[in-house]
Amino acid sequence: MHWLYLHFPRLQLDLFEQLHPEQTGPKVVIDGSDNTVCQLSAAALTAGIKPGMGLAEVTAIHAQTCIIEYSANNENSQLEQLATILYTIASDIVCVASNGIAINLSPLALYYQGLNNFMALCKRTLTARHVHFYFGSGATIEIARVLACSHVNRVEDEPSLALNYLKNCSLQATELPTKETEQLNRIGIRTLGQLIALPLDEIGKRFNNQIITYLLALKGVKQPPYSLFHPRKLFSQYLELPYAVESAPRLSRFIAVVLANNCAYLQKRNLATDTLQFELQQREHDNLMFKVNAGTPHHHLSEWQMLIDLKLEQLKLDSPVTSLTLTCDQLVEFDPENLSLLQSSYSRHAENMLLGKLLARLGSDSVKTVEQVNEHRQDYVVQQACTLHKAPACSEANGLQPAWLMVQPQPLTEQTQIVYGPERVHTGWWDDHPVKRDYFVALTGNGLRLWVYRDDQQHWYVHGYFG
Amino acid sequence: MFAELVCQSNFSFLEGASHPEELVNTAAFLGYEAISICDECSVAGVVRAHVEIKANGLPIKLIVGSVFQLAPDLRVCLLCPDKTAYAELCRIITNARRRSEKGHYALSEWDLKSVKSCLAIWLPAYNDNDRQWAEFFAKFFSERCWIGVSRLLNGNDNAHFAAAMSLSEEFCFPLVATNQALFHHPDRQHTQHVLHAIRTRSTVADLGRDGLPNQERSLKPLTKLTRLYPKAWLSESVSIASLCQFNLDELKYQYPSELVPDGYTATSYLRHCVETGITKRFKQGVPEAIRETIEKELALIHSEQFEYFFLTIYDIVQFAKKQGILYQGRGSAANSIVCYCLEITAVDPRQINVLFERFISKERNEPPDIDVDFEHERREEVIQYIYAKYGRERTALAASVSTFRFKSAFREVGKALGLPESLLGYWLKQFNLRDRTLGWQSQLQELGIDQDGRTVKQLINLTEDIIGFPRHLSQHVGDFVISAGPLYELVPVENAAMAERSVIQWDKDDLESLGLLKVDVLALGMLTAIRKTFSLISERYQQDISIPFISAHGNDKQVFNAICKADTVGVFQIE
């Protein structure tokens with residue numbers, strides 16, 4: 001097999017720079033566990049900051065350095081986003097740690113008529129996402145990873161050629177634990193070439209099985225097991241906010257970032273949704289969850305943004321928000337009919353948009369619609385329903401239906417003449433409202449057409465009027 | 001006087017809500033002249049109705065028929081006035097079923113055009129296409145078509161009556177009253193709703209307007225019918241019934257003629273085969289007593305005309321013998337000397353004391369019973385031989401009717417009533433069905449569930465109702481029916497779930513009730529084990545042994561001693 005490894009050395013910083021293009025000064029990401037620099041911007045490098053420096057040293061070198069705390073959650077979410085994007089151009093993808101993606105090149109060479117074509121497309125795709133990356137290729141993911149971490153940035157047509165570059169790579173670029181690396185350094189082994197040249201039997205006497213397995217992978221003998229990435233059947237993105245946001249409307253610009261990704265995700269798959277779920281992580285309180293509903297499923301960024309802004313106007317935060325997650329799991333096939341310019345459909349679209357606005361402003365509990373229920377019993381035919389509840393399609397009405405149905409049937413008191421019927425409804429045994437009635441259309445002396453029924457005690461009632 | 005001509009039993013799976021037996025009993029009780037069991041594209045329920053009428057001496061005529069849906073707006077019921085019409089109906093059902101996957105059918109217009117003998121009750125949809133279909137029936141069912149009119153109290157009855165009368169006048173189709181009954185008693189409407197919900201995988205509450213609105217599709221007393229329909233329409237049903245003279249007892253099974261070589265009759269060929277067998281089986285000469293029994297058995301076989309049955313099994317086991325497939329005949333008729341001579345069984349009758357009366361009894365009026373077990377790994381070769389020899393048109397497996405048992409009935413009714421599956425599963429786990437002192441109903445109460453609660457009461461009653469209701473037809477493990485002519489003229493054939501297998505619409509009890517013969521081709525894993533043992537013995541000790549060789553040695557004391565010590569681990573069967 002032939003693997004490409006993409007190493008993203010500063011994923012969290014890349015996202016931060018996308019969110020804050022105005023910040024041009026030095027920026028570093030600090031690993032909270034030991035307060036050392038793990039990611040840094042070009043400006044920080046120019047200022048003399050180096051990876052692994054302590055927080056005090058960084059501030060001493062450049063007092064105005066922007067400090068961001070490292071978040072594995074944030075990086076994993078970013079990496080998943082990237083893998084999802086790459087999934088559109090490559091099939092066998094493996095997510096490695098929180099900052100690497102491996103792609104199986106073997107099937108792609110034929111598909112793209114050469115690896116150069118695929119690499120050009122891959123670079124274009126990643127550059128459009130404004131992420132920094134290094135890459136390398138080899139017979140196993142481990143070889144490609146070492147080459148990518150050594151900034152080789154080459155893809156060979158034959159995976160075996162990569163071994164030439166591998167020999168010169170330092171042990172620091174490998175995944176060997178620090179302790180073992182130091183042990184090897186002490187006996188003068190500093191490059192992979194030196195290590196690989198040693199007989200495995202000898203190494204096996206001194207190191208554990210994990211190291212042996214890793215070395216076998218580096219020699220290209222055996223690829224350790226891996227699990228392929230499959231995009232989730234839902235959209236979910238976590239976003240760490242650059243600073244705690246105190247008022248809900250101010251969340252709008254950050255939500256816009258994840259919303260844009262969500263809409264792009266839906267549009268590419270011709271999907272739509274009528275529900276977006278947000279989870280806001282509040283600094284001093286429990287997470288705040290809320291939903292935004294549209295009247296009809298769609299994937300239009302501007303319309304969703306408007307509904308979210310309406311919702312945010314109403315939203316009260318208990319304490320400042322530090323991060324947010326957008327989840328969208330109620331996906332349906334996008335129906336372009338909803339947006340047709342034909343009059344009837346267009347007015348329905350407008351109606352749905354209005355419904356979406358009402359839902360956003362008043363909440364789903366306060367907005368009800370009237371629906372006709374598929375039911376023989378006339379008392380239950382018309383019911384109030386939640387706008388989001390999808391009622392089962394009504395089968396065609398069996399008999400006549402009056403335009404005005406009375407909530408409470410009234411005793412029939414006048415002389416009438418039957419013109420239609422009987423329609424016997426004897427059902428509803430399964431709940432507390434069994435019905436046994438014979439329905440008729442009756443004509444009064446004044447020409448009124450009544451919807452009357454006779455119950456099993458032979459009493460007559462008026463249940464509705466025809467127009 | 002009235003005859004219900006369109007009536008579906010619960011063999012219209014998950015639609016009809018009464019057993020065929022219940023329908024004929026109720027119809028007889030109500031004083032109907034006749035009743036037609038017309039399941040949808042099926043005659044699976046008619047034998048049970050026929051047996052019930054015969055067993056109880058019910059004063060009612062059974063008419064065989066079937067209803068079909070062709071296109072959304074054509075529903076027609078075909079009735080069989082005579083045996084030719086019956087063969088025709090079976091052919092149509094077979095064609096419609098074979099075109100479709102198991103459990104479905106696809107009738108074509110051509111099928112209806114090819115009907116020359118069946119009577120048609122057309123049930124109009126009362127829409128714009130009625131005239132087109134009326135012209136169709138006028139052309140292809142001239143003088144054999146009636147319009148079935150039903151008062152279902154759906155509000156449109158008067159309009160439908162008027163439309164039917166207009167069609168009748170224009171196309172000269174007589175009108176006949178029918179309730180299109182789906183159940184024998186109005187109370188079964190609840191069961192019908194539940195079955196409908198099971199069929200559509202919904203709940204009764206969600207059926208809405210698709211469910212029956214009332215209880216009108218039941219068998220009604222004559223007094224009520226006279227108020228609902230004009231007298232002429234009721235009398236017409238009796239006139240149609242009088243045209244239908246076909247009785248299932250007329251069905252005669254014809255064995256394939258190729259079993260008997262030229263120059264022989266079935267009797268003489270069977271005797272020839274037995275005599276050949278005698279020389280093989282009784283090399284020392286046949287004892288007088290055995291000869292007497294053979295003659296007695298052959299005379300009985302001749303008087304009951306079972307020669308073909310024995311010859312069919314003889315033919316099959318001869319094939320197995322040639323192929324080296326181990327087999328073993330069993331069943332009451334298998335314990336006969338004729339079967340021993342025909343090499344169907346390997347048990348020497350001199351060593352076992354079998355009552356001759358167990359063989360075939362005239363008094364029992366049952367077909368002979370011979371089951372043949374074959375090695376389970378090679379039974380398919382025998383089945384393929386039968387298909388190859390007699391052709392798929394003349395061979396099919398008997399059906400096995402899958403019915404609702406307690407657990408499935410309880411679960412399905414519960415789901416139809418809207419109870420959560422997890423709860424039903426929990427309740428089912430708590431039942432101890434082996435407890436004969438405490439029924440499941442009482443056990444339900446012990447679980448702390450209020451039995452007087454509406455839903456629980458309904459669950460109990462409806463579960464009891466549908467236990468035993470047929471769900472679908474599946475294939476019997478090995479009952480083959482082989483006929484002289486195309487099998488579909490005797491009984492409809494439909495596709496089984498297994499590829500390249502077809503089943504008839506009757507199960508083994510139905511076949512027995514009508515006196516139709518079947519051949520049991522069963523699979524037995526132990527025979528495969530025995531064959532493998534023989535191979536190992538042959539390989540290791542260079543000694544060829546066979547089942548007759550072992551049987552000929554009689555009882556082995558060492559075996560009995562082992563059994564007495566309960567040293568029977570791995571023993572499959574002790575008789």
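Chain A comprises 15 helices and 19 strands. The model is a predicted one. Of the 467 residues of chain A, 31% count as buried. Contacts in chain A with a separation of 6 or more were also examined; residues 24 or more positions apart account for 58% of them.

One open sheet in chain A is built from three strands. Their order is 3-2-4, and the pairing is mixed. Strand 3 (36-40) and strand 4 (66-69) of chain A stand at the edges. Each has a single partner strand, so one side of each is left without a neighbour in the sheet. With direction ignored, neighbouring strands of this sheet are turned by 40° against each other on average.

Strand 2 of chain A covers residues 27-31. Strand 2 pairs with strand 3 of chain A in the antiparallel sense, over four bridges. Within this pairing, A:I30 of chain A stands opposite A:V37 in strand 3. Helix 1 (residues 11-19) of chain A lies across strand 2, strand 3 and strand 4 of chain A. The helix runs at about 140° to strand 2 of chain A.

A loop of chain A was considered next. A:K233 lies in the loop between helix 12 (209-218) and strand 8 (235-245) of chain A. Is A:K233 buried or exposed? Around A:K233 there are 8 other C-beta atoms within 10 Å. A residue counts as exposed if that number is 12 or fewer. A:K233 is therefore exposed. In sequence, A:K233 and A:L331 are 98 residues apart. In space, the two are 8.6 Å apart, C-alpha to C-alpha.

Chain B contains an open sheet of seven strands. The strands follow the order 8-9-14-11-10-13-12, with mixed pairing. Strand 8 (327-330) and strand 12 (493-495) of chain B are the edge strands, and each pairs on one side only. From one strand to the next, the twist averages 45°.

Strand 10 (residues 395-403) and strand 11 (residues 470-482) of chain B run antiparallel. Eight bridges join them. The bridge partner of B:L397 is B:F480, in strand 11 of chain B. Helix 15 (residues 379-390) of chain B packs on the sheet. This helix touches strand 9 (371-375), strand 10, strand 11 and strand 14 (519-524) of chain B. The direction of helix 15 makes about 155° with that of strand 14 of chain B.

Two further helices of chain B pack together. Helix 7 (residues 189-200) and helix 16 (residues 406-416) of chain B have axes 9 Å apart. The angle between these helices is about 90°. Angles of 65 to 115 degrees count as roughly perpendicular. Helix 7 and helix 16 of chain B are therefore roughly perpendicular to each other. Helix 7 of chain B contributes B:V194, B:A197 and B:I198 to the contact. Helix 16 of chain B contributes B:E412, B:V413 and B:A416. The residues of this contact divide into five nonpolar, no polar and one charged.

The two chains also touch. In the contact between them, 20 residues of chain A meet 17 residues of chain B. Which element gives the most to the side of chain A that touches chain B? Strand 16 (residues 416-427) of chain A does, with eight residues. By type, the residues on this side of chain A divide into eight nonpolar, eight polar and four charged.

Notes. Residues numbered from 1 in each chain as written. Chains lettered and ligands numbered in written order. Predicted model: local features only at pLDDT ≥ 70, side-chain atom pairs only at ≥ 80, totals over all residues. Contact = placed C-beta atoms within 7 Å. Helix = DSSP H or I, 4+ residues; strand = E, 2+ residues; numbered from the N terminus. Nonpolar A, V, L, I, M, F, W, Y, C, P; charged D, E, K, R; others polar. Axes fitted to C-alpha atoms, helices over the stretch in contact; angles between N-to-C directions. Parallel < 35°, antiparallel > 145°, perpendicular 65-115°, else oblique. Buried ≥ 20, exposed ≤ 12 C-beta atoms within 10 Å, placed from the backbone. Pairing = 2+ DSSP bridges.
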